[in-house]
Amino acid sequence: MIIIDTAKKEDIDDMINLLKQLFEIEKDFAPNYENQRKGLELLLNNKDAIIFVARYNDKVVGMCSIQTLISTAEGGKVGILEDLVVDENFRGMGVGSKLLLEVERYCKENGLLRLSLLADKDNKKALEFYKSRGWKFTNLICLRKFFGE
């Protein structure tokens, strides 16, 4: 039985393994154990973020995170959904849908007006997954600029 819960520090290694699976299929990112650990620790300690996990027999088999921002377009709080990933051995079993339902509940309960996400344009399965669950494509594109090392 799949249980949706909030992530804990003890879940970090399982989540890093999930992120590895995700970043291996996304062209813009690469798995990096230390970066993923650091990012997950920052999210777990951020009052404006939450990580949901799907557990099967106490093992994390799916995850996604939400970070809260303020939108001038919406005039209030909105969320960014990141890193929705389900272990390859559990895909097609409704785990991703359960995570999304929990995310939507959380957003409604916490007054978020909109939820956005970035998806790899070549990941047809992910795009169809979101579209079939009521997500709409926009005219926006993602740009980025690095300031780190």
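In which loop is the place of D58?

Modeller: The model is predicted. D58 has its place in the loop between β2 and β3. Its phi is positive, about 70 degrees, although D58 is not a glycine. N57 lies in the loop between β2 and β3 as well, and the phi of N57 is also positive, near 50 degrees, again in a residue other than glycine. For background, most residues other than glycine have a negative phi. N57 is exposed, with a relative accessible area of 62%; D58 is exposed too, at 69%.

Helix α3 itself runs over residues 95–109, 15 residues in number, and reaches 21 Å from its first C-alpha to its last, close to the 21 Å expected at 1.5 Å a residue. Its buried residues are V95, G96, S97, L99, L100, V103, Y106 and C107. After the helix comes G111, with a positive phi near 70 degrees.

The largest nonpolar core has 22 residues, and F52, I66, L84 and V103 touch the most other members. Two or more residues come from each of β2, β3, β4, α3 and α4, and the largest share, six residues, is that of α3. Neighbours within four places in sequence left aside, V103 is in contact with F52, C64, I66, L81 and L115. Another core, of 16 residues, lies apart from this one; among its members are A7, L43, A49 and V60.

F52 and Y106 form one that is edge-to-face, with 5.6 Å centre to centre and 75 degrees between the planes. Because F52 lies in strand β2 and Y106 in helix α3, this pair ties together parts 54 residues apart in sequence. Both F52 and Y106 are buried. The rings of Y56 and F90 have centres 5.3 Å apart and planes at 55 degrees, so that pair is tilted. It links Y56 in strand β2 with F90 in the loop between β4 and α3, 34 residues away in the chain. Y56 is partly exposed, with a relative accessible area of 34%, whereas F90 is buried, at 17%. Elsewhere, ring pairs link F129, Y130 and W135 into a cluster.

Strands β2 and β3 meet another helix too: the buried residues of α2 pack against α1 (12–23), β2 and β3. Helix α2 (residues 33–44) has twelve residues, which should span 16 Å at 1.5 Å a residue, and its end C-alpha atoms are 16 Å apart, in agreement. In this helix Q36, L40 and L43 are buried. Seen down the axis of α2, the buried residues fall within an arc of 60 degrees, so they line one face of the helix.

Conventions: Residues are numbered from 1 along each chain as its sequence is written. This is a predicted model: local features need pLDDT of at least 70, side-chain atom pairs count only at pLDDT 80 or more; totals for chains, interfaces and linings use all residues. Side-chain values use heavy atoms; hydrogens and water are left out. Helices (H or I, at least four residues) and strands (E, at least two) are DSSP runs, numbered from the N terminus. The expected span of a helix is 1.5 Å times one less than its number of residues. Buried means under 20% relative accessible area, exposed over 50%, partly exposed in between (1.4 Å probe, protein chains only). A nonpolar core is a set of buried Ala, Val, Leu, Ile, Met, Phe, Trp, Tyr and Cys residues joined through side-chain atoms within 4.5 Å. Contact means heavy atoms within 4.5 Å. Rings of Phe, Tyr and Trp (its six-membered ring) pair if their centres lie within 6.5 Å; planes under 30 degrees apart count as stacked, over 60 as edge-to-face and the rest as tilted. The arc is that of the directions from the helix axis to the C-beta atoms.
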